[in-house]
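I opened this notebook to keep track of what I looked up in one structure, entry by entry. The sequence and the model come first, and my notes follow.

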Amino acid sequence: MPYRTLLVHLDDTPRCGTRVALAARLAMRQQSHLIGLAPTGWIEESNQPGGALGAVQQAQRTMQTLQMRARGVAERFEAQVHQSGLPSFEARVHEADPLASMVLHARNSDLAVVSQSDGTAADFPQQLLMMSGRPVLIVPRHGECADAGQQVLVAWNHSRESARALSDALPLLAQAQRVELVFLDQAGSDAAVPEQQMAQSCEWLQRHGVPAVSRRILTQQEAGKALLGEARQMGADLLVMGAWGHSRLREFMLGGATRSMFAHMDLPVLMSH
């Protein structure tokens, strides 16, 4: 079943146009409805003490400024997507913190599209991934992303997270030209390779019309860097992987490969948790 609703995060950063263009391209291929979400950030920025008249007036001016900025972002989204020819789309301005707004709307979407953190919104995609219950497509902060989903590398280790990612990515994999499942193993390892499970995963994909192949990779590199190297060698335009992590109070603890990927990705990465 294809994605029916895609959600893309809107802001006034230079990378927004690249993110929107990729989301619109995917929505066109999937025949999806595309929602561009422009959170105002009001809740995040309004928690200031004081209830004097001057403070209230200042808060009102701040709110109006944030609303105007969000509406401007939404209008630019509408103009850009209209030019792409996508028949079904809408822009939404939401009075909320960006993370809370995206989590809320992602739960009624099939896939959320955001950008890799650039240092000004620390851990935003990570927290969205852990909190939304939906797959997240993360666009790298540098480079061109003309397309995603034609040449796909899938990080496979037969874990719950990788199984979830494989299932969540199925609408894209079904339209891909090439899909490779890779199992990373330490060079010199004599551990048994789960070849039967890999073959069963490929058979499951093939029954969905995805002609996937699998292979074992021996490496001494850290897993995230090894995956990116394999993606470059393959010419992949999309990497699919499960994200391991959990929250401890307000701190998100990520696994090594997941943390490395968030830091060093150079192609779009679809993650599921």
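**Cysteines**

I began with Cys145, which is buried at a relative accessible area of 7%; buried means under 20% relative accessible area, exposed over 50% and partly exposed in between, with a 1.4 Å probe and protein chains only. I then looked up Cys202, which also counts as buried, at 6% relative accessibility. A disulfide is a covalent bond between the sulfur atoms of two cysteines. Taking a disulfide as a pair of cysteine sulfur atoms within 2.5 Å, I found a count of zero.

**Ground rules**

I noted that this is a predicted model, in which local features need pLDDT of at least 70 and side-chain atom pairs count only at pLDDT 80 or more, while totals for chains, interfaces and linings use all residues. Residues are numbered from 1 along each chain as its sequence is written, and side-chain values use heavy atoms, with hydrogens and water left out.

**The chain as a whole**

I listed ten helices and twelve strands in the protein chain; helices (H or I, at least four residues) and strands (E, at least two) are DSSP runs, numbered from the N terminus. Of the 273 residues in the protein chain, 48% are buried. I looked up the accessible surface, which comes to about 13400 Å², with 50% of it belonging to carbon and sulfur atoms; such areas come from the Shrake-Rupley method with a 1.4 Å probe, and for residues only the protein chains shown count as cover. Among contacts (heavy atoms within 4.5 Å) with a separation of 6 or more, 79% are between residues 24 or more positions apart.

**Helix H4**

I asked myself which residues of helix H4 are buried. In this helix, residues 98-106, they are Leu99, Ser101, Met102, Val103, His105 and Ala106. Their cover includes strands E1 (5-9), E2 (33-39), E3 (89-94) and E4 (111-115), together with helix H5 (124-132). At the start of H4, I found a side-chain oxygen of Asp97 within 2.9 Å of the backbone nitrogen of Leu99.

**Salt bridges**

I used the rule that a salt bridge is a side-chain nitrogen of Lys or Arg within 4 Å of a carboxyl oxygen of Asp or Glu, and the count came to eleven. One of them joins Asp11 and Arg19, whose closest N and O atoms are 3.0 Å apart, and both of these residues are buried.

Another links Arg164 and Asp168 at 3.1 Å, N to O; both lie in helix H6 (residues 160-168), four residues apart, about one turn of the helix. I noted that Arg164 is partly exposed, at a relative accessible area of 36%, whereas Asp168 counts as buried at 15%.

I then turned to Arg215 and Glu180, which form a salt bridge with their closest N and O atoms 2.7 Å apart. Arg215 belongs to strand E8 (residues 213-219) and Glu180 to strand E7 (residues 178-186), so this pair ties together parts that are 35 residues apart in sequence. Arg215 is partly exposed at 29% relative accessibility, while Glu180 is buried at 8%. Salt bridges that share partners join Arg178, Glu180, Arg215 and Glu230 into one network.

**Aromatic pairs**

Rings of Phe, Tyr and Trp (its six-membered ring) pair if their centres lie within 6.5 Å, with planes under 30 degrees apart counted as stacked, over 60 as edge-to-face and the rest as tilted. I found two aromatic pairs by this rule. Phe77 and Phe89 are edge-to-face, 6.2 Å centre to centre with 80 degrees between the planes. Phe77 lies in helix H3 (residues 53-84) and Phe89 in strand E3, so the pair ties together parts that are twelve residues apart in sequence. Phe77 is buried at 2% relative accessibility, but Phe89 is partly exposed at 24%.

Trp156 and Phe183 also form an edge-to-face pair, 6.2 Å centre to centre with 70 degrees between the planes. I located Trp156 in the loop between E6 and H6 and Phe183 in strand E7, so the pair ties together parts that are 27 residues apart in sequence. Both Trp156 and Phe183 are buried.

**Positive phi**

I looked up Gln31, where phi is near 55 degrees, a positive value in a residue other than glycine. Gln31 sits in the loop between H1 and E2 and is exposed, with a relative accessible area of 65%.

Note on methods: A polar contact is a pair of N or O atoms within 3.5 Å; within protein, one must be able to donate a hydrogen and the other to accept it, and residues adjacent in sequence count only if both atoms are side-chain atoms.
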